[in-house]
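Please read them with the coordinates open.

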Amino acid sequence: EGRRQFRNRRRRPQAVRLLRRVREIDPQALNPTLDLARLLRKTGSRAEAMRILREIESSCTGRPLRRVRGAQLRGSPTPGQFWLWLRALILRR
């Protein structure tokens with residue numbers, strides 16, 4: 001909920017700090033991780049965003065995995081990422 005308070009572009013650094021803190025408390029929290037990855041991509045830290053998505057993907061299955069794969073595809077729209085997303089979509093795992 002705190003993330004919603006920092007929607008303004010000028011407040012992105014505060015939102016990133018807040019979401020990093022949430023990940024310290026619960027590293028497997030899906031929604032804060034996806035929010036953090038999106039904000040990191042917007043601020044130009046695409047490599048870090050992809051790293052945190054890779055960290056969380058191993059603990060996901062089903063719909064959460066599809067959401068992670070979709071975020072990875074948006075972060076790195078390559079044929080390999082598309083295949084991983086499509087595979088998660090088709091296999092439903």
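1. The model is a predicted one, in which local features need pLDDT of at least 70 and side-chain atom pairs count only at pLDDT 80 or more, whereas totals for chains, interfaces and linings use all residues. Residues are numbered from 1 along each chain as its sequence is written, and side-chain values use heavy atoms, with hydrogens and water left out.

2. Helix α4 covers residues 62–75, helices being DSSP runs of H or I with at least four residues, numbered from the N terminus.

3. Ten of the 14 residues of α4 are buried, so the helix is largely enclosed by the rest of the structure; buried here means under 20% relative accessible area, with a 1.4 Å probe and protein chains only. The buried residues include Leu 65, Val 68, Ala 71 and Leu 73, but also Arg 66, Arg 69 and Gln 72. The buried residues of α4 pack against α2 (30–42), α3 (46–57) and α5.

4. The axes of α4 and α5 (residues 79–91) come within 9 Å and cross at roughly 160°, where axes are lines fitted to C-alpha atoms over the stretch in contact and angles run from 0 to 180 degrees between N-to-C directions. The two helices are therefore roughly antiparallel, a term for angles over 145 degrees. On the α4 side, Leu 65, Arg 66, Arg 69, Gly 70, Gln 72 and Leu 73 meet residues of α5 that include Phe 82, Leu 84 and Trp 85, contact meaning heavy atoms within 4.5 Å. The residues of this contact divide into seven nonpolar, three polar and two charged.

5. α3 and α4 pack at an angle of about 160°, with their axes 10 Å apart, and that makes α3 roughly antiparallel to α4. The contact is made by Arg 46, Met 50, Leu 53, Arg 54, Ile 56 and Glu 57 of α3 and by residues of α4 including Leu 65, Val 68 and Arg 69. Here the division is six nonpolar, two polar and four charged.

6. Arg 69, found in helix α4, deserves a separate look. The residue is buried, with a relative accessible area of 14%. Leaving aside neighbours within four places in sequence, Arg 69 is in contact with Glu 57, Leu 84, Trp 85 and Ala 88.

Key: Angles under 35 degrees count as roughly parallel, over 145 as roughly antiparallel, 65 to 115 as roughly perpendicular and the rest as oblique. Ala, Val, Leu, Ile, Met, Phe, Trp, Tyr, Cys and Pro count as nonpolar, Asp, Glu, Lys and Arg as charged, and the others, Gly among them, as polar. Buried means under 20% relative accessible area, exposed over 50%, partly exposed in between (1.4 Å probe, protein chains only).
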